[in-house]
Amino acid sequence: MTASIAQAPTALDDAIIRNAEATLETVGRAREAIHTVIFGQEDVVDLTLITLLAGGHGLLVGVPGLAKTKLVDTLGTVLGLDARRIQFTPDLMPSDILGSEILDEGADRRRSFRFVKGPVFAQLLMADEINRASPRTQSALLQAMQEHHVSVGGERHDLPQPFHVLATQNPVEQEGTYPLPEAQLDRFLLEIDVGYPTREAERRILIETTGAEDRKPVTVMNAEALMNAQRLVRRLPVGESVVDAILDLVRSARPEGDRVDGVTDKVLWGPGPRASQALMLAVRARALIEGRVAPSLADVVALAEPVLKHRMALTFSARADGETLKGVIGRLTSRLAG
């Protein structure tokens with residue numbers, strides 16, 4: 001175990017290790033259960049689990065037909081969460097997500113308003129093709145993602161615990177869409193690219209999904225077990241070298257931050273402190289699912305792209321020269337790896 005920022009008592013360290021071992025076993029069984037239904041896509045599954053263990057929201061980016069919806073549905077079953085899905089369309093209204101007040105008449109003929117909850121009142125919400133909704137509807141989801149409550153008719157309504165949003169977005173079909181504003185993109189802990197399966201994974205998909213029987217996921221965890229794992233993630237110690245690496249990486253990705261020759265002048269705007277917080281939580285979660293009780297520099301390098309790429313943009317001249325966010329982030333992380 002690496003040295004923690006503030007050295008904890010030995011008894012606390014022992015408690016963390018025992019809790020981590022039990023949680024690791026449970027998370028390992030959850031991963032196996034997910035892979036009985038989702039073939040291939042190991043990195044996508046791991047990044048999604050990291051997002052949930054870190055207590056955040058995830059943005060899944062990929063073309064249709066890559067099992068994004070199936071993944072979220074499977075996660076809901078395996079983790080024992082109340083999962084719901086919203087298909088975002090241009091005519092979707094905020095009340096379609098949050099819920100609305102209706103006028104009821106009682107037996108005494110007195111009338112009163114009653115709040116009917118919308119689909120956002122779920123523990124795991126899939127926002128399918130989120131960029132197809134209008135900005136007004138997107139902003140309605142924004143408060144829920146950040147504050148974990150909604151306001152309707154001047155009344156506050158708390159969302160269930162835990163509460164996670166896994167949104168999907170098609171990177172190709174952009175006609176008639178409303179790009180997510182930077183403020184909402186920043187609310188997503190990770191942006192997860194969902195690519196095409198390998199040949200062997202696709203062969204297994206063909207064989208397993210076109211037969212007479214359809215495999216069903218089994219429940220391995222529940223909401224309380226997930227929240228216990230999330231509390232554990234926040235207690236895992238982080239070494240000073242990892243903290244410095246996170247700060248160096250995030251600050252060097254800003255146009256006005258720590259200058260890196262050949263990189264900084266290509267950045268139009270960069271990540272704020274929320275990116276550092278996201279990376280701090282994500283590296284702990286990655287360490288946990290890989291059987292470690294403290295993150296390493298390798299975790300920072302592995303998670304740099306999904307944490308940073310939706311929180312920064314390149315200048316016009318950099319894009320004209322063929323630069324990409326992936327390439328820029330790769331150069332920044334190479335300094336850490338080296």
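**Helices and their packing**

Analyst: Helix α11 (residues 297–308) has 12 residues and spans 16 Å from its first C-alpha to its last, close to the 16 Å expected at 1.5 Å a residue; the expected span is 1.5 Å times one less than the number of residues. Helices (H or I, at least four residues) and strands (E, at least two) are DSSP runs, numbered from the N terminus. This is a predicted model, in which local features need pLDDT of at least 70 and side-chain atom pairs count only at pLDDT 80 or more, while totals for chains, interfaces and linings use all residues. Residues are numbered from 1 along each chain as its sequence is written, and side-chain values use heavy atoms, with hydrogens and water left out.

User: Which residues of α11 are buried?

Analyst: Buried means under 20% relative accessible area, exposed over 50%, and partly exposed in between (1.4 Å probe, protein chains only). In α11, the buried residues are Asp299, Val300, Leu303, Ala304, Pro306, Val307 and Leu308.

User: Is α8 roughly parallel or roughly perpendicular to α10?

Analyst: Helix α8 (residues 223–235) and helix α10 (residues 273–289) pack with their axes 9 Å apart, at an angle of about 110°. Axes are lines fitted to C-alpha atoms, for helices over the stretch in contact, and angles run from 0 to 180 degrees between N-to-C directions. Angles under 35 degrees count as roughly parallel, over 145 as roughly antiparallel, 65 to 115 as roughly perpendicular and the rest as oblique. The angle therefore makes α8, relative to α10, roughly perpendicular.

User: Which residues make the contact between α2 and α10?

Analyst: Helix α2 (residues 42–53) and α10 pack at about 120°, with their axes 9 Å apart, and α2 is therefore oblique to α10. Contact means heavy atoms within 4.5 Å. The contact is made by Asp46, Ile50 and Leu53 of α2 and by Ala282, Ala285, Arg286 and Ile289 of α10.

User: Is Thr51 buried or exposed?

Analyst: Thr51 lies in helix α2. Leaving aside neighbours within four places in sequence, Thr51 is in contact with Gly56, His57, Gly58, Leu189, Leu190 and Ile192. Because its relative accessibility is 0%, Thr51 counts as buried.

User: What separates the C-alpha atoms of Arg132 and Lys266?

Analyst: Arg132 is placed in the loop between β5 (124–128) and α5 (135–147), and is buried, with a relative accessible area of 17%. Arg132 and Lys266 are 134 residues apart along the chain, and their C-alpha atoms are separated by 30 Å.
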